[in-house]
Amino acid sequence: MNLKHFSLIFFLFLSTVVFSQNKLVAEADKLYKQENYQKALPLYEKLTKSYSTNTTFMYRFGTCLIKTGNSPELAGVQFDKAAKKGLKMAYLPLAEAQMASYNFEEAIASFNNYIKSLPRKSNEAETIQKRIDLAILCQVHLRWCKGIGCNRMERRKTGDVYPKVLKCY
């Protein structure tokens, strides 16, 4: 086989790989926009493995994990990677995932990082400050429960990712 044939075969192979990846991206984006997170989840998982520096894929993979009821810790890993690579909007879902994992101190830091990324006159900062206040209360409550020897913690869901009420036994 001469060099021309080899080059042609290599080019065709490479074109097929690129086309299939573009098709995967288009399908994942379509499902995500339709809020079909269950079907988009495995596609974004593949994409984050193939494109390890793409913050949009990390963010969307984390969102799919949260929306499908998967581990907030796994989602937090994706949001953390995206935030560290410069996607500032990832700090908010990261903080929420940390709240759901009872990592209140880390959640407070992530909420503060998100506030720093907001425009100066944003009304959203006040809402985020309320979430910080909630994280502080949850942190105090968790310390109190551990201090009296609680054996089990329960998070009561009220429609949000992070706990509104902590109850210890």
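## Helices α3 and α4

Thr55, Met58, Tyr59, Phe61, Gly62, Thr63, Leu65 and Ile66 of α3 are in contact with Pro72, Leu74, Ala75, Gln78, Phe79, Lys81 and Ala82 of α4 (contact: heavy atoms within 4.5 Å; helices: DSSP runs of H or I, at least four residues, numbered from the N terminus). By class, this contact of α3 with α4 has 10 nonpolar, four polar and one charged residues. Ala, Val, Leu, Ile, Met, Phe, Trp, Tyr, Cys and Pro count as nonpolar, Asp, Glu, Lys and Arg as charged, and the others, Gly among them, as polar.

The model is predicted: local features need pLDDT of at least 70, side-chain atom pairs count only at pLDDT 80 or more, and totals for chains, interfaces and linings use all residues. Residues are numbered from 1 along each chain as its sequence is written, and side-chain values use heavy atoms, with hydrogens and water left out.

The axes of α3 and α4 come within 8 Å and cross at roughly 160° (axes: lines fitted to C-alpha atoms, for helices over the stretch in contact; angles run from 0 to 180 degrees between N-to-C directions). α3 is therefore roughly antiparallel to α4 (over 145 degrees; under 35 is roughly parallel, 65 to 115 roughly perpendicular, the rest oblique). The crossing of α3 and α4 is left-handed, that is, the near helix is turned anticlockwise from the far one by less than a right angle.

## Helices α2 and α3

α2 (residues 37–50) and α3 cross at roughly 145°, and their axes come within 9 Å. This crossing is left-handed. On the α2 side the contact is made by Tyr37, Ala40, Leu41, Tyr44, Glu45, Leu47 and Thr48; α3 contributes Phe57, Met58, Arg60, Phe61, Thr63, Cys64, Leu65 and Lys67. The classes are 10 nonpolar, two polar and three charged residues.

## Helices α4 and α5

α4 (residues 72–84) packs against α5 (residues 91–100) at an angle of about 150°, with the axes 8 Å apart. The two helices are therefore roughly antiparallel, and α4 passes α5 in a left-handed crossing. Pro72, Gly76, Phe79, Asp80 and Ala83 of α4 make the contact with Tyr91, Pro93, Leu94, Ala97 and Ala100 of α5. This contact has eight nonpolar, one polar and one charged residues.

## Largest pocket

The largest pocket has a volume of about 220 Å³ (the space filled by probe spheres set on grid points, which are joined across faces, edges and corners). A pocket is an open set of points on a 1 Å grid over the protein atoms alone, where a 1.4 Å probe fits, with protein on both sides within 12 Å along at least five of seven lines; lining residues have an atom within 4 Å of a point.

The lining has 11 residues, and Tyr59, Thr63, Phe79, Pro93 and Glu96 lie nearest the centre. α3 (55–67) and α5 each supply at least two lining residues. By class, the lining has eight nonpolar, one polar and two charged residues.
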